[in-house]
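Grab a pencil and work through these exercises with the structure open beside you. Try each task before you read its solution.

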Amino acid sequence: MKKLFICLTDFQILNALNLQVNNENNEDADIFFVTNKQGNEELAARLQATKIFKNVYLFNNSKISGLHRYFRNLTEKKYKNSFISAFTESAREVFYKICSKIYGLEYKVNKKVIFGKEIDFSIYDRIFCLDKRQIVVDVVNAVKKKRQMESVK
């Protein structure tokens, strides 16, 4: 089994690195963090290259440039994107939300992972996290659901 670090800040990533580097059991671990600032894609690549974590997952947490933002920018006289691209982004987000309701938490999380492969929630027996934002709750609940399904079998 593995442990999963869910990090939303640089400080949490640093703590996860410290815990994993000083891990006396040499237990495998994965790290999951979000795109909350520029440069996180490069950070994910560097973390993957160190091989400290078996898998590195980066979740796309950026705001969409949909119709709401388009009309807001229009009223503020900031012309950043076209109506067609804003409509497309909004439609994509609506489709994602509908599919998330239909297919559940695993789909909801995995569909927005932009670095790393699809997450197998059944392999984690310990999760380290420190937040109650929706993405953290979703990942923890997906792991709990998978663990419950495994124990029923």
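Predicted model: local features only at pLDDT ≥ 70, side-chain atom pairs only at ≥ 80, totals over all residues.

**Exercise 1. How many of the six residues of β2 are buried, and why is β2 described as largely enclosed?**

Step 1: Residues are numbered from 1 along each chain as its sequence is written, and side-chain values use heavy atoms, with hydrogens and water left out.

Step 2: Strands (E, at least two residues) and helices (H or I, at least four) are DSSP runs, numbered from the N terminus. Buried means under 20% relative accessible area, exposed means over 50%, and partly exposed is in between (1.4 Å probe, protein chains only).

Step 3: Go through β2. Six of its six residues are buried, so the rest of the structure largely encloses it. Ala-29, Ile-31 and Phe-33 point one way from the strand, and Asp-30, Phe-32 and Val-34 point the other way.

**Exercise 2. Work out in which order the five strands form the sheet, and which strands stand at the edges.**

Step 1: Read off the order. The open sheet runs β4-β3-β2-β1-β5, with mixed pairing. Two strands pair if DSSP finds at least two bridges between them.

Step 2: Look at the ends. β4 (113-115) and β5 (124-128) each have a single partner strand, so one side of each has no neighbour in the sheet. On average, neighbouring strands here are turned by 30° against each other, direction ignored.

Step 3: Check two pairings of β1. Strand β1 (residues 2-7) runs parallel to β5, with four bridges, and Lys-2 has Tyr-124 of β5 as its bridge partner. β1 and β2 are also parallel, joined by five bridges; there, Ile-6 is partnered with Phe-32 of β2.

**Exercise 3. Find which strands helix α1 lies across, and which strands helix α2 touches.**

Step 1: Start with α1 (residues 10-21). This helix lies across β1 and β2 (29-34), at about 155° to β1. Such angles run from 0 to 180 degrees between N-to-C directions, and the axes are lines fitted to C-alpha atoms, for helices over the stretch in contact. Contact means heavy atoms within 4.5 Å.

Step 2: Move on to α2 (residues 40-50). Helix α2 packs on the sheet and touches β2, β3 (55-59) and β4, with its direction at about 170° to that of β3.

**Exercise 4. Find out which residues form the nonpolar patch on the surface, and which element gives the most to it.**

Step 1: List the members. They are Phe-71, Leu-74, Tyr-79, Phe-83, Ile-84 and Phe-87, together with about 670 Å² of accessible area. Patches are made of residues with over 30% relative accessible area and no salt bridge: like charges are joined within 9 Å, nonpolar side chains (Val, Leu, Ile, Met, Phe, Trp, Tyr) within 5 Å. The areas come from the Shrake-Rupley method with a 1.4 Å probe, and for residues only the protein chains shown count as cover.

Step 2: Sort them by element. α3 (67-75) and α4 (83-103) each give two or more residues, and α4 gives the most, with three.

Step 3: Ile-84 is in helix α4, and at 60% relative accessibility it counts as exposed.

Definitions and conventions. Salt bridge = Lys/Arg side-chain N within 4 Å of Asp/Glu carboxyl O.
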